[in-house]
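Dear colleague,

Please find the structure below.

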Amino acid sequence: MEKNVKKKGRLKMALFTFSGGVHPADGKEFAKNSPITEYLPKGDVVLPLGQHIGAPAQPIVSKGDQVLVGQKVAEAGGFVSANIFSSVSGTVKAIEPRMTPAGAKVNSIVIENDGEFKEAAFEAKPYDQMSKDDVLAAIKEAGIVGLGGAGFPTHVKLAPKDPDAIEYIIVNGAECEPYITGDYRILMETPELLIEGLNIVLDMFPKAKGIIGIEDNKKDAIAKVEALVKGDARISVATLKTKYPQGAERSLIYATTGRSINSSMLPADAGCIVDNVATIVAIKEAVKDGKPLYERVVTVTGDAIKNPSNFKVRTGTNVQELIEAAGGFKTQPEKIISGGPMMGMAMFTTDVPAVKTFSCFLAFTKDEVAANQPSNCIRCGRCLDVCPSLLKPQILYQIALKNDTEAFIKNQGMDCIECGCCSYTCPAKRNMTQAFKKMKYLVSINKRK
């Protein structure tokens with residue numbers, strides 16, 4: 001939370017922040033000044049049916065069908081699911097398992113791209129004639145999911161049990177994960193779309209205030225957004241301290257409202273809804289333009305990339321095409337990652353599609369993590385100091401080595417947000433985050449038995 005603090009005889013306004021966290025080299029300099037450039041795929045597009053949290057979508061097209069850009073090709077497979085739309089015009093080539101950036105094979109719709117990008121007709125009801133239910137239906141129909149990485153269906157998030165209890169709509173503009181600059185470019189290039197989208201969500205929750213949280217290493221973006229909301233009683237900008245994981249949902253809620261949630265709670269339980277910048281823009285496009293979600297901004301960056309870039313990418317585009325569009329590799333990378341270096345997934349191939357949740361392709365000349373040799377804990381307590389969830393990682397790690405799920409739960413291990421701060425700061429180079437991910441998975445498996 002923001003507080004007045006005394007410094008050198010004067011009052012100074014502290015930044016919004018949270019307890020714990022780390023300060024990794026942010027790597028933003030590689031791509032932050034690269035404007036968003038539209039990239040149109042050249043080859044086939046692959047649309048996995050599971051690009052979101054929840055049930056996979058169900059195909060409504062068959063092999064041989066002709067499709068248009070923005071045509072629905074798969075319907076949500078349940079309430080917690082999302083529609084999927086074609087990002088090109090062409091012919092359905094196959095429906096078969098294909099590899100995703102997460103390293104798993106998922107049943108996918110493969111479309112042979114005709115290169116013409118003929119669009120389906122987009123229709124939107126005049127906004128001033130739309131009810132709250134109409135708005136929610138438009139968001140659901142457009143297949144919007146959280147574009148910050150998790151991929152939670154947005155229509156579910158915007159339908160809490162008690163809408164009147166929602167007091168804050170928080171926009172995550174922190175983009176605290178190193179190297180990724182897509183949301184920053186949106187803030188710099190089209191901040192008015194963000195404000196439009198946020199006002200749509202605020203209209204759904206009349207008692208709520210809007211807070212746009214942006215880290216203070218993006219002062220130019222802060223200035224642009226503040227100028228747009230000047231005098232707006234419903235929307236304010238929170239200048240966040242530059243610290244990882246400032247953009248994590250729980251960290252952001254605490255930093256901007258002082259409210260705490262744990263793994264057994266939803267943000268709505270604290271009167272909050274959190275969406276990232278790109279998701280809010282997608283809401284605007286769906287509600288006011290009738291445009292479904294079939295493209296997103298992707299950062300292609302790292303010291304192994306010749307021309308680090310930010311692209312507007314059609315879903316299903318092959319990642320290898322994006323690498324080539326960014327000039328290719330300067331040198332063969334030792335490490336490639338889907339997402340950022342702290343929470344992203346290491347990849348073993350670039351022959352995968354850019355899905356709804358694919359925010360960044362990262363290529364490093366050296367794999368520094370693989371070179372680490374774990375050693376015994378020296379009981380320095382650094383992992384304890386940096387944990388944003390206020391856990392005891394050194395104890396949880398010992399529990400994880402024994403696969404003791406009962407002790408893991410008892411010691412609040414399920415509250416781990418898998419941010420990687422403990423592993424990052426550990427001088428013994430212990431793979432704590434990886435161990436905690438495994439334990440959380442074991443706990444979830446046991447619950448299903």
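A crossing is called left-handed if the near helix is turned anticlockwise from the far one by less than a right angle, and right-handed if clockwise. Helices (H or I, at least four residues) and strands (E, at least two) are DSSP runs, numbered from the N terminus.

The model is predicted: local features need pLDDT of at least 70, side-chain atom pairs count only at pLDDT 80 or more, and totals for chains, interfaces and linings use all residues. Residues are numbered from 1 along each chain as its sequence is written, and side-chain values use heavy atoms, with hydrogens and water left out.

Helix H3 (residues 182–189) passes helix H5 (residues 219–229) in a left-handed crossing. Where do the two helices meet? Tyr184, Leu187 and Met188 of H3 are in contact with Asp220, Ala221, Lys224 and Val225 of H5 (contact means heavy atoms within 4.5 Å).

Strand S4 (residues 45–48) is covered on both faces, with Val45 and Leu47 buried on one side and Val46 and Pro48 buried on the other. Buried means under 20% relative accessible area, exposed over 50%, and partly exposed in between (1.4 Å probe, protein chains only). S4 runs antiparallel to strand S10 (residues 105–113), and 4 bridges join them; two strands pair if DSSP finds at least two bridges between them. Pro48 has Ser108 in S10 as its bridge partner.

Lys440 is part of helix H14 (residues 432–448). Lys440 counts as buried because its relative accessibility is 17%. Leaving aside residues up to four places away in sequence, Lys440 touches Phe408, Gly413, Met414, Cys416 and Glu418.

Yours sincerely
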